[in-house]
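The sequence and structure are shown first.

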Amino acid sequence: MKTVPSGRALAALMAATMGVLWGTPAPAQESVVVRVKLIQGEVPTDPLSPEWEKVPATEFPMSPQVHWQKRILQTTVKSITVRGVHNTKQIAFLVEYADPTQDPADAAALEFMVGEKKAHFAHGQPMAQVEGGLVNIWYWRNDTPGAADMSAQGFGTLKKQAQQDVQAKGVWRPDKVKVKHKERKLNVRKDPKGEPMKDPKTGDPLFDEETKVVEEDVTGVWRVVFTRSLTTADKDDVQIQPGTFPNIAFAVWDGKKLESGDVKEAGSQKAITSWWYFNAEPPTDYSIYLYGLMAVVLAAGVEFVIIRKVKKGQPV
Amino acid sequence: MKGSSLALKGAVLLAAVFVILKFALPLITAPLPMSLIWLYLFLATIGIIVFGTLSGESTEALLGPVSRFLSGEGIRGATKALRLAVLVLFPLLVGWETYSGLVSSTQPPGENRTIHPAPPGEFVGLANPVANTPENVMMGKGLYAAFCSPCHGPKFNGNGPASDGFNPPPANFVDPGTIAQLQESYLFWRIKKGGVGLNVEGHPWKSAMPRWEVELPDDWIWKIIMAEYAGSGHKPRTWE
């Protein structure tokens with residue numbers, strides 16, 4: 001009679017169990033969250049503070065605002081980098097982006113949902129089947145000291161709040177940076193003779209799309225810091241709880257004056273994102289280590305009792 | 001004896017179920033959530049236990065190795081070291097799982113967004129009132145280029161120059177999972193009412209799709225729909 005050693009059977013069982021318990025590594029998460037690091041002491045309000053170098057940065061690509069009128073199809077700023085810190089009382093966001101000119105009308109804004117109700121990223125505009133909420137917008141403009149703490153719930157409702165809780169400071173420096181962005185081209189498809197090809201059904205010219213990431217040298221970077229208390233007494237403000245994942249959206253305006261006298265980007269003509277997330281790092285909760293330790297002791301105790309019963313031949 | 005390998009067979013079966021659900025299934029369909037894989041493994045374990053305890057002999061075959069391993073009876077050499085490792089690792093694993101369950105998540109909450117939620121009743125089954133002529137398709141392509149291509153792209157693949165900052169990204173009409181699965185009336189609703197027309201499952205607060213009814217007449221929207229099908233190489237879904 002051939003028997004299988006119990007060790008082999010259990011090794012296989014153990015391997016299966018371990019595989020299930022550990023699973024497989026999760027795929028790399030896209031950069032969709034601003035990690036707001038918990039720090040000791042005051043949050044840096046200076047955009048050039050070396051403290052910012054210690055904080056992880058998250059990059060967000062920007063889109064020209066094409067959602068509502070008046071639209072824009074091309075904007076100066078293609079992406080922004082965002083960092084955040086808090087000290088359980090104050091929170092600060094640093095927004096960095098390349099802009100080759102420093103102009104009085106250069107501006108940047110952060111947007112948040114207020115309360116539990118979902119709000120559309122476009123100024124909290126009404127939604128047909130969902131009762132939307134308010135958005136809170138923190139707005140900075142180069143020619144205006146400080147920041148504007150604003151609210152909106154639909155187009156044309158944007159207004160400065162009675163109670164101003166946000167501070168902001170922007171610094172432009174002629175730093176040389178490399179900006180990566182996608183460049184898209186349509187190339188006419190040609191036959192082996194070099195003649196343009198046409199769709200045999202419609203006669204339309206045929207094109208091939210070429211998308212590549214290009215690196216552009218830009219001299220000039222805006223660094224803007226927004227600061228506020230995590231919580232305020234204003235019901236129209238976003239209230240920030242560490243450990244949660246509130247939504248955040250961004251907008252920037254290149255206020256360069258064109259030869260026509262118009263400002264290149266103003267009002268609804270701006271570079272934007274839709275909703276992403278931020279997460280204010282929660283203070284370490286040491287009780288979870290205690291609970292982990294208690295689980296180890298409990299499991300070892302159960303294991304001990306079972307082995308003892310098995311050795312005595314008692315039913316488990 | 002065949003019964004004595006029951007524990008091994010059970011372990012192999014569990015491992016096989018896990019490998020199939022976790023790795024093989026995603027090759028042909030959407031990956032299963034880990035909670036569902038757990039459920040299937042639990043059911044498989046119950047099945048193995050029921051099968052293994054049908055008779056006294058099979059019960060011994062299933063539980064005997066486990067019992068001998070736990071008691072250490074007759075175990076020596078490498079198996080002895082393995083037993084010690086299991087007995088030490090088990091409580092540590094329980095502790096780690098407890099810690100992992102309590103520690104704050106570093107990932108945002110899952111987004112259970114329905115990509116194609118049900119349209120309102122008045123938009124179900126509408127027929128395109130515009131004749132599908134080359135001229136109308138051509139006009140639709142011109143309208144598409146002017147109003148839609150900045151996001152959905154000149155090649156109808158969602159890769160427009162204005163698409164990069166939006167989450168979720170604009171729809172890729174070339175993908176067989178988008179407009180090829182939908183009726184023209186569905187597209188009419190989505191274009192006319194825009195992102196803000198979605199129901200709660202569609203997460204309207206995130207959508208950058210404009211509400212085109214405020215800017216475009218209905219016949220332009222129908223022509224754009226024809227252009228989207230012509231340009232993407234798909235046909236509208238029909239009930240026939």
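Which residues of α5(B) are buried? They are B:G140, B:K141, B:Y144, B:F147, B:C148, B:P150, B:C151 and B:H152, a residue being buried if 20 or more other C-beta atoms, placed from the backbone, lie within 10 Å of its own. These residues pack against α7 (218-232) of chain B. Helices are DSSP runs (H or I, at least four residues) numbered from the N terminus.

This is a predicted model, in which local features need pLDDT of at least 70 and side-chain atom pairs count only at pLDDT 80 or more, whereas totals for chains, interfaces and linings use all residues. Residues are numbered from 1 along each chain as its sequence is written, and chains are lettered from A and ligands numbered from 1 in the order in which they are written.

Just after α5(B), B:G153 has a positive phi of about 85 degrees.

Between the chains, 62 residues of chain B are in contact with 72 residues of chain A; contact requires C-beta atoms, placed from the backbone, within 7 Å. On the side of chain B that touches chain A, α4(B) provides the largest share, 13 residues. The classes on that side are as follows.

| Class, chain B side | Number |
|---|---|
| nonpolar | 41 residues |
| polar | 15 residues |

How values were computed: Two residues are in contact if their C-beta atoms, placed from the backbone, lie within 7 Å. Helices (H or I, at least four residues) and strands (E, at least two) are DSSP runs, numbered from the N terminus. Ala, Val, Leu, Ile, Met, Phe, Trp, Tyr, Cys and Pro count as nonpolar, Asp, Glu, Lys and Arg as charged, and the others, Gly among them, as polar. A residue is buried if 20 or more other C-beta atoms lie within 10 Å of its own, exposed if 12 or fewer, and partly exposed in between; C-beta atoms are placed from the backbone.
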